[in-house]
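Open your viewer and keep the selection panel handy. We will go from the whole chain to single residues, one stop at a time.

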Amino acid sequence: MSVQEDRVSGVAYESFGETPANNIASASTESSGDGVEDNSVIVLKSCPQIQASRRDRGTPVAGAIFIVVNACLGAGLLNFPAAFQGAGGNAVGVSMEVVFLVFGAVAALIMAYCSDLCRVSTYQDVVQTVCGHNTGILCDLAIILYTFGTCITFIIIVGDQVDKVMQWAAGPDFCYNWYMNRKFTMSVISILIILPLCIPKDIGFQKYASFLGVASILYVTVIVSVKYYTGGYPPADVVTSPKTFTDVFIAVPTVCFGFQYHISAVPVYASMRKRNLGSLAVVMFFAMVIAMLVYTATGVYGGLTFGSSVTSDVLLSYDANDVSVTIGRAALTLDILTSYPILHFCGRTVLDGFYVRWRRLSAEDNLRQEFVRRVVETMAWFWLSLFFAIMIPNIGLVISVIGGLAAVFIMVFPGYCLIQAVLLQQPSDNVHKDRALLALGVLYVFLGTFILGENTALAIIDDLNGKNSLQQICTVT
């Protein structure tokens, strides 16, 4: 049975002993040679499972690059122009990108290094094995919150794009028709398309969503870049420097959200044909260069086109009658409609694991109750996310919260894993190296905790000050 299957059935927490030290020692002798067999790889948007065992020869470097790029790029792209302008301009925004790109790449290598020590193939299993049972529970909860928040973001973006289509079809007063009202259209589309895709036990269609997702994101980037030169928009009031030092941190949640691919990085590494840190470093380099070019082009050109008036969803700033932008909206909406079930599947898997362990279900009971649990968990997840998507004003508010949570996956857990790995192993001959690794781990934990607290505080303050007001095209009064 694979590691992922063990976690769903509730066995993973007991599989390597009772303490982190025993976990690493036992896991190190559990397997050898090419690595973990029958890895259940979580890739696109942090969760889809693709069997890539060693006997299938594994994933080549080029394939791993595509998977990481696909996991990295996402709906957060739409918020980059607003984040850059809010932080003090394009120079500040790009600088923040570079900083987090470097920190994120190092974090991915740290988690891969720890996965080699404990011979597991998922992010949460690395945390569980290296850091212990309680930290593993916190990691699972963080994954649930992060995937749930991202699902809310997806529905909000669907509402944004449908509003623009309705404006194009019926004019600026479209929302006075009840069947074109945002709340109604969001609900109907979600119920008819998203909900049925969330019910199945597996999500084999993700291979199509993967290509569609990358294509739609690249199309949006091209449109935003080209429209700056050909759109005929008047010169914008572009922000060139931050008004205060704290403005710099406005871009942090968006950048963290955009560069959070680490839950996918561990299983991708486990599935690689050449499983070593050198090969992963090559994957990280090319994947991050591609991701940064896409994010930078969108953030810079979106900011130059609309300046400080750019909306949190940059596509809302464009004319509803622009056909090329409308095509981009349609492609992005289709991608999101298929990506939501993937994120839901990941969160549901972890949530179901909690229930199975709590009830201590036997394998027979687990199998017999699986369908009912799956339906109940799916319904609760879907209706709650739809409710919050209707009530929350825009994607900027959600990203500001889950962007801080992304910093936990990028910095806090990798830093703590590095500290534990150094402390629990036999001291090396190079004392300075061990001290440097410990210092790096402490730095990661400190920065990640600070970013989480800072982003959450800013989100609350902005909400209280009305900065996250609803950016509706049409409002019924």
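This is a predicted model: local features need pLDDT of at least 70, side-chain atom pairs count only at pLDDT 80 or more; totals for chains, interfaces and linings use all residues.

Residues are numbered from 1 along each chain as its sequence is written, and side-chain values use heavy atoms, with hydrogens and water left out.

**Whole protein.** Show the cartoon: you have 16 helices and 2 strands, taken as DSSP runs (helices H or I, at least four residues; strands E, at least two) and numbered from the N terminus. Of the 477 residues, 57% are buried, meaning under 20% relative accessible area with a 1.4 Å probe, protein chains only.

**Helix α3.** Select residues 61-72. The end C-alpha atoms of α3 lie 16 Å apart, which agrees with the 16 Å that its 12 residues should span at 1.5 Å a residue; the expected span is 1.5 Å times one less than the number of residues. Buried residues here include Ala64, Ile65 and Cys72.

**Serine 187.** Next, pick this residue in helix α8 (residues 182-198). Is serine 187 buried or exposed? Serine 187 counts as buried because its relative accessibility is 16%. Leaving out residues up to four places away in sequence, serine 187 touches Leu386 and Ile390, where contact means heavy atoms within 4.5 Å.

**Tyrosine 123.** Finish here and display its surroundings. With residues up to four places away in sequence not counted, tyrosine 123 touches several residues, among them Met111, Cys139, His262, Phe409 and Pro414.

Methods
Buried means under 20% relative accessible area, exposed over 50%, partly exposed in between (1.4 Å probe, protein chains only).
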